[in-house]
Structures are given as structure tokens and as C-alpha cells.
Amino acid sequence: MTDAANAGFTPRIFSGIQPSGGLTLGNYLGALKRFVEKQDEGIETIYCLVDMHAITVWQDPAKLRDQTREAAAGFIAAGIDPKRSILFNQSQVPGHAELGWILNCVARLGWMNRMTQFKDKAGKNAEAASLGLYAYPALMAADILLYHATMVPVGEDQKQHVELTRDIAAKFNHDFKVDFFPLPEPVIEGAATRVMSLRDGTKKMSKSDPSDASRINLTDDADAIAQKIRKARTDAEPLPETLAELKDRPEARNLVNIYAALASEAPETVLERFAGHGFGAFKPALAELAVATLSPISTEMKRLMADPAEIDRLLGQGAERADALARPILERTQDIVGMIRSRRG
Ligand code: AQP
């Protein structure tokens with residue numbers, strides 16, 4: 001089956017974020033901001049708080065619940081409308097686990113062994129990592145294929161997993177001689193597909209980085225945002241005229257990319273404005289832009305989080321809508337594989 005065969009499928013977007021900590025500026029620029037743009041373009045959009053992925057590394061149960069609600073509040077505060085998009089937490093739709101198992105049996109060990117995120121997250125002591133962390137990419141394939149999604153907006157770090165999803169879908173179609181699953185495309189766009197740590201320009205900004213100064217959290221107030229940007233690691237050189245000249249200056253390049261993504265501009269345009277200026281001038285401008293963009297989101301998040309029962313209600317409604325889409329696709333998959341479903345008729 002070729003990509004052209006996706007023409008037979010309804011254009012549909014699926015993406016997710018792990019509630020494994022508070023949302024960061026990296027999650028916002030690499031994912032959330034673009035999720036809102038896709039929703040506003042009128043494409044069918046399904047967004048999931050992937051709590052089953054989050055528990056592939058240890059999560060305190062009470063914190064996991066809070067973080068899931070906080071992430072839901074972050075989505076809504078950033079512009080996801082739970083009526084126009086489907087917004088839910090993964091564990092409330094059992095089809096993710098059910099299809100996940102089937103796809104575990106399609107994915108090959110050799111493919112999984114090449115996944116760089118497992119190597120990064122498992123670190124030196126891979127023997128002690130959970131089996132779930134290893135199988136994570138096959139569950140992610142199930143998340144996407146359960147809805148016959150055709151497009152997956154993600155940051156650069158998730159590209160390999162979406163490509164694996166395509167391999168799994170193609171192998172399933174080939175093994176069972178069907179054209180059942182689409183081959184979903186990763187959608188990686190914008191100036192900030194990989195936002196880097198504010199303390200180390202070679203490391204991804206991450207919600208589980210032990211250093212809070214390495215990231216901007218969506219819940220940070222204006223003072224915290226301004227202070228983190230002021231203290232962000234940089235160099236002593238002024239900003240150059242071209243992007244090429246930032247090649248060996250990862251921290252400077254990161255701040256320019258963040259500015260560009262927040263302003264919805266090209267990094268080249270940002271350099272045109274700031275070329276010749278040092279960070280003494282650039283950082284306050286960036287802080288002002290970041291505060292202006294993020295403050296309304298954090299204020300709205302706080303308001304939404306004051307009513308956790310309402311968040312749970314919205315997630316429950318989203319899960320029902322997701323389940324209604326997923327169930328027939330899962331049942332058809334079970335039929336294709338040869339599983340008897342007589343109890344459900
Ligand atoms: N630094 C980043 N720059 C751009 N995009 C990013 N994303 C994450 N970090 C950045 C994108 O956000 C989406 C959700 O990611 P995730 O929460 O499922 O997992 P992750 O990529 O592992 O994110 P974190 O923050 O690093 O989480 P932890 O610390 O728990 O591992 C994805 O589309 C991702 O590309």
C-alpha cells in the first residue's frame with residue numbers, strides 16, 4: 001500500500017502528550033500550539049493524554065491524576081475546544097491496550113531495538129527498565145491506528161515512532177493481505193520542532209528534567225518566566241544576520257527559534273530585527289513575548305483546575321466519543337486476525 005492509498009481514508013489527526021509532569025514550553029511549541037492550529041483548520045482532531053505511556057516510568061498515583069487534569073486544563077486553556085476536538089485520557093478507552101497487544105505481535109524485536117527514545121530513557125541500566133517502556137512505540141502505533149488517523153503532529157523527537165507506526169501498519173496489511181490501516185504521516189512543522197533546555201542547548205527541554213530552570217512550565221508566572229529567560233545559558237556574541245552563523249551556537253539558536261515560534265515568524269525574520277544586538281537586548285524582548293503568550297494560558301489553566309470534577313466530566317465525554325470511533329476499527333482488526341467475538345454478536 002502506498003501513501004496515495006491514504007486518499008481512501010478520512011483525513012484525521014491524532015496526537016498525544018504524556019501527563020508525566022507539567023507541560024513545558026517544548027510541549028506547547030512542538031505540539032499543543034500546532035494541535036490548536038489543526039483544529040482551527042477544520043480537520044477532525046483527536047487528542048489524548050497518554051497516561052498508559054506515562055506509567056512506563058514510575059509515577060506517583062496521586063500526582064499522575066493531578067498531572068492528567070493539569071494537562072487537560074493546559075489543552076483547553078491553549079485553545080483546544082472539547083466540542084470540536086476529541087480530548088480524553090488514554091486509559092478510559094480500552095481499545096488502546098487491546099490493539100496495542102495485537103500490534104506487539106506485529107512489531108519485530110529488531111525494529112524496537114533501533115528506537116532511540118528507549119535507549120535515552122532507559123539509560124545505562126536498560127535491564128532495569130520496564131517492559132512497557134520497551135513496548136511504548138507499539139502502543140503509540142495502536143493509539144494512532146485505532147482511529148485510522150492519517151496525520152500525527154509531533155515534535156522532532158517523535159518522528160522515529162511515527163515512522164515505526166507506518167512500518168507496523170504496512171506489515172499488518174501485508175501479513176493479512178488487507179488494505180486496512182492507513183500509513184500515517186508525521187507532521188513536523190514550525191521553528192520549534194525541538195525546543196532545547198535553557199541550561200544546555202544540546203539537550204531537549206523536557207518535563208522530567210530534574211532542573212526546573214531548564215524549562216518553562218505552562219504554569220510558571222510572569223516573574224518565573226522572565227527570570228528563567230534572563231538566566232538562560234547563552235554566549236557573549238551579538239546575534240548574527242544569518243541562521244547559518246548560529247550553527248555552532250546551540251543556546252543562541254534555541255532562543256531565536258523560541259522567539260520565532262512564539263511570534264509565528266520565521267527565525268530569519270527574527271534575526272533581521274535583532275542582528276547586531278547582544279542578549280542584554282534580546283532576552284528582555286523574548287521574556288516579554290513569552291509572558292504575553294503564556295500568561296493568559298496559565299491564568300486560564302488555574303481557573304479550570306479549580307474545578308477538577310468538571311475536567312473529569314469533559315474527559316469522560318471525550319472518552320465516550322473516542323470509544324465510539326475506535327470500537328468498530330478494533331472489532332474489524334480482531335476479525336481480520338481471526339479472533340472470535342461471539343459474546344458481542
Ligand atoms: N523540547 C521539545 N521540543 C519540541 N517538541 C517537544 N515535545 C516534547 N518535548 C519537546 C513534543 O511534545 C509532544 C508530547 O511529548 P510527550 O509528553 O509525549 O513525551 P516527550 O517527547 O518524551 O516529552 P517530554 O517533555 O520530554 O516528557 P518526558 O520528560 O516525560 O519524557 C510530542 O509531540 C513531542 O514531540
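This is a predicted model: local features need pLDDT of at least 70, side-chain atom pairs count only at pLDDT 80 or more; totals for chains, interfaces and linings use all residues.
## Domains

At the contact between them, domain 1 supplies 15 residues and domain 2 supplies 19.

## Nonpolar cores

In soluble globular proteins, nonpolar side chains tend to be buried together. Here the largest nonpolar core holds 57 residues. Leu25, Tyr28, Leu29, Phe75, Ile258 and Phe282 have the most contacts inside it. The top contributor is helix H12 (residues 279–305), which gives 11 residues. Domain 1 and domain 2 both give residues to this core, so it lies between them.

Take Ile258. Leaving aside neighbours within four places in sequence, Ile258 touches Leu25, Leu29, Val195, Leu198 and Leu286. Another core, of 46 residues, lies apart from the largest one. Its members include Val106, Trp111, Val154 and Phe181.

## Helices H10 and H11

Two packed helices are described by the angle between their axes and the distance between the axes. Helix H10 (residues 250–263) packs with helix H11 (residues 267–274) at about 110°. Their axes are 8 Å apart. An angle of 65 to 115 degrees counts as roughly perpendicular, so H10 is roughly perpendicular to H11.

From H10, the contact uses Val256, Asn257, Tyr259 and Ala260. From H11, it uses Pro267, Val270, Leu271, Arg273 and Phe274. By class, seven residues in this contact are nonpolar, one is polar and one is charged.

Key: Residues are numbered from 1 along each chain as its sequence is written. Side-chain values use heavy atoms; hydrogens and water are left out. A nonpolar core is a set of buried Ala, Val, Leu, Ile, Met, Phe, Trp, Tyr and Cys residues joined through side-chain atoms within 4.5 Å. Buried means under 20% relative accessible area, exposed over 50%, partly exposed in between (1.4 Å probe, protein chains only). Helices (H or I, at least four residues) and strands (E, at least two) are DSSP runs, numbered from the N terminus. Domain bounds come from an automatic or database domain assignment. Contact means heavy atoms within 4.5 Å. Axes are lines fitted to C-alpha atoms, for helices over the stretch in contact, and angles run from 0 to 180 degrees between N-to-C directions. Angles under 35 degrees count as roughly parallel, over 145 as roughly antiparallel, 65 to 115 as roughly perpendicular and the rest as oblique. Ala, Val, Leu, Ile, Met, Phe, Trp, Tyr, Cys and Pro count as nonpolar, Asp, Glu, Lys and Arg as charged, and the others, Gly among them, as polar.
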